[in-house]
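Let's take a walk through this structure together. Have the sequence and the 3D view ready, and look up each residue as it comes along.

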Amino acid sequence: MIRRPPRSTPKPSSAASDVYKRQVLIGTSDTTGEPDVSYSPVIYHNSRFYILVSQLSPHTGHLYQRPTAALLFIEDERDSEQIYARRRLSFACSAQPCKRDEQTWQSLIPLFRHRFGPIIDTLTGLNDFVLFQLQPTQGRWVTGFGRAYGFSGMDFREPEHLGGGSTNETSNS
């Protein structure tokens with residue numbers, strides 16, 4: 001059974017932990033605006049997301065070309081009572097590669113190893129794998145029909161209920 005947040009403004013910082021799982025869907029685009037969607041295992045650390053990805057993947061090239069990404073964490077459809085109302089958390093992010101000789105790489109790779117196992121040693125041994133830091137600039141937390149909230153950054157400052165009426169209006173003529 002799905003735990004439903006209260007009708008008042010949700011506290012995504014705590015409720016979002018239900019949505020942050022082991023992977024994230026990533027939307028990127030190339031320099032011509034051609035979109036791409038992929039996924040990656042993800043680590044959340046110090047109000048930022050980190051992905052370890054191959055430079056052979058289109059989305060990695062896009063992150064270098066246009067250092068922005070859209071992230072989507074979404075409730076598994078098997079756990080959803082209504083396919084159109086799946087709980088989801090999305091972010092617009094700036095993206096920055098982390099060099100292997102920097103402190104960020106040195107401190108994050110052990111977290112990846114702990115979470116994802118010995119495959120990380122194999123991946124970091126390959127020269128094409130790079131660690132990206134994704135810094136959220138804004139987001140949206142949807143908990144069901146009529147329960148969508150926009151917010152700034154990662155600490156869910158100033159959540160704003162995103163209301164709206166029906167666009168399917170009928171005429172009496």
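What follows goes from the whole chain to single residues and their partners.

A word on the ground rules before we set off. This is a predicted model, so local features need pLDDT of at least 70 and side-chain atom pairs count only at pLDDT 80 or more, while totals for chains, interfaces and linings use all residues. Residues are numbered from 1 along each chain as its sequence is written, and side-chain values use heavy atoms, with hydrogens and water left out.

Let's begin with the overall layout. The chain has 4 helices and 9 strands; here helices (H or I, at least four residues) and strands (E, at least two) are DSSP runs, numbered from the N terminus. Of the 173 residues in the chain, 40% are buried, where buried means under 20% relative accessible area, exposed over 50%, and partly exposed in between (1.4 Å probe, protein chains only).

Now zoom in on H59, which sits in helix 2 (residues 58-65). Its relative accessible area is 5%, so H59 is buried. Setting aside residues up to four places away in sequence, H59 touches T28, D36, S38, Y39 and V53. D30 is 29 residues from H59 in sequence, yet the two are 8.3 Å apart in space, C-alpha to C-alpha.

Y39 belongs to strand 2 (residues 35-41) and counts as partly exposed because its relative accessible area is 48%. Together with L25, V37 and I74, Y39 makes a nonpolar surface patch of about 370 Å². Such patches are made of residues with over 30% relative accessible area and no salt bridge, with like charges joined within 9 Å and nonpolar side chains (Val, Leu, Ile, Met, Phe, Trp, Tyr) within 5 Å.

Next come the charged pairs. Side chains of opposite charge can pair when their charged atoms come close. The structure holds 3 salt bridges, each being a side-chain nitrogen of Lys or Arg within 4 Å of a carboxyl oxygen of Asp or Glu. R87 pairs with E75, with their closest N and O atoms 3.8 Å apart. Both residues lie in the loop between strand 5 (68-74) and strand 6 (88-98), so the pair ties together parts that are 12 residues apart in sequence. R87 and E75 are both buried.

What about D76 and R78? Their closest N and O atoms are 2.7 Å apart in a salt bridge. D76 is partly exposed at 30% relative accessible area, whereas R78 is exposed at 71%. D121 and R113 form a salt bridge as well, with closest N and O atoms 2.7 Å apart. D121 is partly exposed, with a relative accessible area of 40%, and R113 is partly exposed at 33%.

Our last stop is S107, in helix 3 (residues 103-116). A polar atom of the S107 side chain lies 3.3 Å from the backbone oxygen of T104. S107 itself has a relative accessible area of 30%, so S107 counts as partly exposed.

Note on methods:
Polar contact = N/O pair within 3.5 Å; in protein donor to acceptor, adjacent residues only side chain to side chain. Areas by Shrake-Rupley, 256 points an atom, 1.4 Å probe, with all protein chains shown as cover. Contact = heavy atoms within 4.5 Å.
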